[in-house]
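Reader: I'd like to go through the charged side chains in this one. Can you show me the structure?

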Amino acid sequence: MDDEPLSEWADRRDAKIGRLRAVPLVSGDGPQAGHLNPEAPRLIQRWNGYAWEAYGFAANLAEAKRIQYPDSKIEPPAQEPGPAPRPLGPGTGRHRKPQASGPERR
């Protein structure tokens with residue numbers, strides 16, 4: 001058999017105990033991507049080894065991130081403005097819209 005030993009599987013499962021996740025509380029077909037509806041309230045859930053259980057509540061995505069990752073710096077560093085991008089030059093280019101050869105369409 002190519003199955004892994006049960007002890008290795010149990011160690012991997014136990015390593016995930018205590019993991020937190022934030023689920024948006026919005027109507028619809030259930031939880032979606034976490035970045036959608038950043039102002040929606042979040043339910044913080046904790047993995048107990050068998051199921052996700054309610055752990056806490058957050059008013060929005062930013063507060064949920066602070067609960068999930070208390071030791072990390074959430075706010076990205078301020079970026080200095082860089083040079084403006086160059087305007088597109090003449091030519092057809094691979095991804096450019098083809099030029100209309102006949103009467104102009106609208």
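Author: Here it is; note that this is a predicted model. We can begin with E4, which is partly exposed, with a relative accessible area of 38%.

Reader: What does the side chain of E4 meet in a salt bridge?

Author: The partner is R12, and the N to O distance is 2.4 Å.

Reader: And how accessible is R12?

Author: R12 has 44% relative accessibility, so it counts as partly exposed.

Reader: Why do these side chains pair at all?

Author: Side chains of opposite charge can pair when their charged atoms come close.

Reader: OK. How many salt bridges are there?

Author: The count is three. Another one joins the side chains of R13 and D14, at 3.2 Å from N to O.

Reader: What about D14?

Author: D14 has a relative accessible area of 37%, so it is partly exposed.

Reader: Moving on. Which side chain does R46 meet in a salt bridge?

Author: That of E53, with 3.5 Å from N to O. The cut-off for a salt bridge is within 4 Å, so this pair counts.

Reader: Fine. I'll write down the pairs.

Author: They are R12 with E4, R13 with D14, and R46 with E53.

How values were computed
Residues numbered from 1 in each chain as written. Predicted model: local features only at pLDDT ≥ 70, side-chain atom pairs only at ≥ 80, totals over all residues. Heavy atoms only, no water. Buried < 20%, exposed > 50% of the residue type's maximum accessible area, 1.4 Å probe, protein only.
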